[in-house]
Amino acid sequence: GLLRSYTPGVMVDQDKIERVDTPQWRQLLFALCFLHSIVQERRKFGPLGWCIPYEYNNGDLQSCILFLEKHLYNGPISWSTFQYMVAAVQYG
């Protein structure tokens, strides 16, 4: 799953890795890809622990990456906003 996220042309390529020039960008990008990979792999267990099964796809990861990128361009990151957008809105 994580390798699929870093395959060029699929989700994260070298241009995207070098797009934002802040020390947090690469670490948070990896964390988002790792979270998405875990959620994708967990699908094979079905709706155990989740009330409603949902088909997580690359669009979820793409919108999280876009939100992070735009948020980092505007200055220091608001951790509460970032956590809410990723955990509650996208993957909640």
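Let's start with surface. The protein chain exposes about 6000 Å², and carbon and sulfur atoms supply 60% of that area. Accessible areas here come from the Shrake-Rupley method with a 1.4 Å probe. This is a predicted model, where local features need pLDDT of at least 70, side-chain atom pairs count only at pLDDT 80 or more, and totals for chains, interfaces and linings use all residues. Residues are numbered from 1 along each chain as its sequence is written, and side-chain values use heavy atoms, with hydrogens and water left out.

Of the 92 residues in the protein chain, 30% count as buried. Buried means under 20% relative accessible area, with a 1.4 Å probe and protein chains only.

Now the fold. The protein chain has five helices and zero strands. Helices are DSSP runs of H or I, at least four residues; strands are runs of E, at least two; both are numbered from the N terminus. Along the sequence the pattern reads α-α-α-α-α. Take contacts with a separation of 6 or more: residues 24 or more positions apart account for 60% of them. Contact means heavy atoms within 4.5 Å.

Next, helix packing. Two packed helices are described by the angle between their axes and the distance between the axes.

First pair. Helix 3 is residues 25-42, and helix 4 is residues 58-73. Their axes come within 10 Å and cross at roughly 160°. Axes are lines fitted to C-alpha atoms over the stretch in contact, and angles run from 0 to 180 degrees between N-to-C directions. Helix 3 and helix 4 are therefore roughly antiparallel; the cut-off is over 145 degrees, while under 35 counts as roughly parallel. On the helix 3 side, the contact includes Trp25, Leu28, Leu32 and His36. On the helix 4 side, Asp60, Leu61 and Leu68 are among the residues. The contact divides into 10 nonpolar, three polar and two charged residues.

Stay with His36, in helix 3. Buried or exposed? His36 is buried, with a relative accessible area of 2%. Setting aside neighbours within four places in sequence, His36 contacts Asn57, Asn58, Asp60, Leu61 and Tyr91.

Which residues meet? Leu28, Leu32 and Leu35 in helix 3 meet Trp79, Phe82 and Val86 in helix 5. By class, that contact has six nonpolar, no polar and no charged residues. Nonpolar covers Ala, Val, Leu, Ile, Met, Phe, Trp, Tyr, Cys and Pro; charged covers Asp, Glu, Lys and Arg; the others, Gly among them, are polar.

Definitions and conventions. Parallel < 35°, antiparallel > 145°, perpendicular 65-115°, else oblique. Buried < 20%, exposed > 50% of the residue type's maximum accessible area, 1.4 Å probe, protein only.
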